[in-house]
Amino acid sequence: MFFLSIPQAWHLVGTWSEQLPSESNLIGMGQTELMMTLHSIFVPLLIVISYYLFNRLNKNESKKIKG
């Protein structure tokens, strides 16, 4: 019943709506920290996928040459 009250609880002073960070910083990281985190995830992933595809293509080419 608390959430059916008027005014709604999420608009009252001191509730979570006033404690949100600014819209530009919702995840709590700055631009530099966000870029470092994304690069530390996606660069190794890209390297592993590239290595896998390179080895797969090399095996296909060596089969074509031998047989």
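Of the 67 residues in this chain, 3% are buried, where buried means under 20% relative accessible area, exposed means over 50%, and partly exposed lies in between, with a 1.4 Å probe and protein chains only. The model before you is predicted, and local features need pLDDT of at least 70, side-chain atom pairs count only at pLDDT 80 or more, and totals for chains, interfaces and linings use all residues. Residues are numbered from 1 along each chain as its sequence is written, and side-chain values use heavy atoms, leaving out hydrogens and water.

M29 is partly exposed, at a relative accessible area of 33%. Setting aside neighbours within four places in sequence, M29 is in contact with L34 and T37, contact being heavy atoms within 4.5 Å.

I come next to the surface. The accessible surface of the chain is about 6500 Å², and carbon and sulfur atoms account for 68% of this area, by the Shrake-Rupley method with a 1.4 Å probe. L45, in helix α2, is partly exposed, with a relative accessible area of 43%.

Methods
Helix = DSSP H or I, 4+ residues; strand = E, 2+ residues; numbered from the N terminus.
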